[in-house]
Amino acid sequence: RDKMEAMLTWWCQQHEVRYKQGLNEVLAPFIYLQAPEHEDPDAAPSDDEVFYGFATFLKRFVPFFDTEDFVALECSLVFFRWLLLYHRPDLHHHLIDRGVTPELFCMPWFLTLYASKTPLPLVLQLWDRLLERAEPAFFL
């Protein structure tokens, strides 16, 4: 906990932003890589490597934390709504008719790139695939 707090404080100070909810959930998988139960504890990343990986990952894939506004997040929610309407109009209309907007169920996922409310092994698999594909980030 102390390590996470120190890294988050340092990141916020570097970027001159206040802490935002969800930053801890993005950092947690990076700190997990240091856990002693991995096969080769000597290969675990250092604190500096964890921090650098976290900061680089945020900058490329989760730009919402870097500013005081959430314009990119708002755009992603609008884009998702259109994708849902295009690919699954029945589901889109069903949700809208019941007052369930993408903001209600997508916000934590988009804000943390699925780290929130997703089992850690699945998050690691998703992020590995994202990094392996080396596709350009959506919000560049």
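A residue counts as buried under 20% relative accessible area, as exposed over 50%, and as partly exposed in between. By this rule Cys-75, with a relative accessible area of 43%, is partly exposed. The structure is a predicted model.

**Nonpolar core**
- The largest nonpolar core has 28 residues, of which Trp-11 and Phe-54 touch the most other members.
- Two or more residues of this core come from each of H1, helix H2 (23-32), helix H3 (47-61), helix H4 (71-87), helix H6 (102-112) and H7.
- H3 gives the largest share, 7 residues.
- Beyond residues up to four places away in sequence, Phe-54 touches Leu-8, Trp-11, Leu-23, Val-26, Leu-27 and Phe-30.
- In soluble globular proteins, nonpolar side chains tend to be buried together.

**Helix H4**
- The 17 residues of H4 should span 24 Å at 1.5 Å a residue, and this agrees with the 24 Å between its end C-alpha atoms.
- Leu-73, Ser-76, Leu-77 and Leu-84 are buried in H4. They lie on the same side of H4, because they cover an arc of only 100° around the axis.
- An α-helix has 3.6 residues a turn, so residues three or four places apart point the same way.
- The buried residues of H4 pack against H5 and H6.
- Exposed residues Glu-74, Trp-82 and Tyr-86 are carried on the face of H4 turned away from its buried side.

**Helix H7**

**Salt bridges**
- There are 3 salt bridges in the structure. Side chains of opposite charge can pair when their charged atoms come close.
- Lys-3 pairs with Asp-47 in a salt bridge whose closest N and O atoms are 3.0 Å apart. Lys-3 lies in helix H1 and Asp-47 in helix H3, so this pair ties together parts that are 44 residues apart in sequence.
- Lys-3 is partly exposed at 34% relative accessibility, and Asp-47 is partly exposed with a relative accessible area of 35%.
- Leaving aside neighbours within four places in sequence, Lys-3 is in contact with Gln-34 as well as Asp-47.
- Arg-81 forms a salt bridge with Glu-103, with the closest N and O atoms 3.2 Å apart. Since Arg-81 lies in helix H4 and Glu-103 in helix H6, the pair ties together parts that are 22 residues apart in sequence.
- Arg-81 is partly exposed at 27% relative accessibility, as is Glu-103 at 33%.
- Arg-88 forms a salt bridge with Asp-90, and the closest N and O atoms are 3.2 Å apart. Arg-88 is partly exposed at 42% relative accessibility, and Asp-90 is partly exposed at 49%.

**Cysteines**
- The count of disulfides is 0.
- Cys-75 is in no disulfide, and the nearest cysteine sulfur, that of Cys-106, is 15 Å away. The cut-off for a disulfide is a pair of cysteine sulfur atoms within 2.5 Å.
- Cys-12 is buried, with a relative accessible area of 8%.

**A buried histidine**
- His-92 lies in helix H5 (residues 89-97) and is buried, with a relative accessible area of 10%.
- Not counting residues up to four places away in sequence, His-92 touches Arg-81, Leu-84 and Leu-85.

Notes
Residues are numbered from 1 along each chain as its sequence is written. This is a predicted model: local features need pLDDT of at least 70, side-chain atom pairs count only at pLDDT 80 or more; totals for chains, interfaces and linings use all residues. Side-chain values use heavy atoms; hydrogens and water are left out. Helices (H or I, at least four residues) and strands (E, at least two) are DSSP runs, numbered from the N terminus. Buried means under 20% relative accessible area, exposed over 50%, partly exposed in between (1.4 Å probe, protein chains only). Contact means heavy atoms within 4.5 Å. A nonpolar core is a set of buried Ala, Val, Leu, Ile, Met, Phe, Trp, Tyr and Cys residues joined through side-chain atoms within 4.5 Å. The expected span of a helix is 1.5 Å times one less than its number of residues. The arc is that of the directions from the helix axis to the C-beta atoms. A salt bridge is a side-chain nitrogen of Lys or Arg within 4 Å of a carboxyl oxygen of Asp or Glu.
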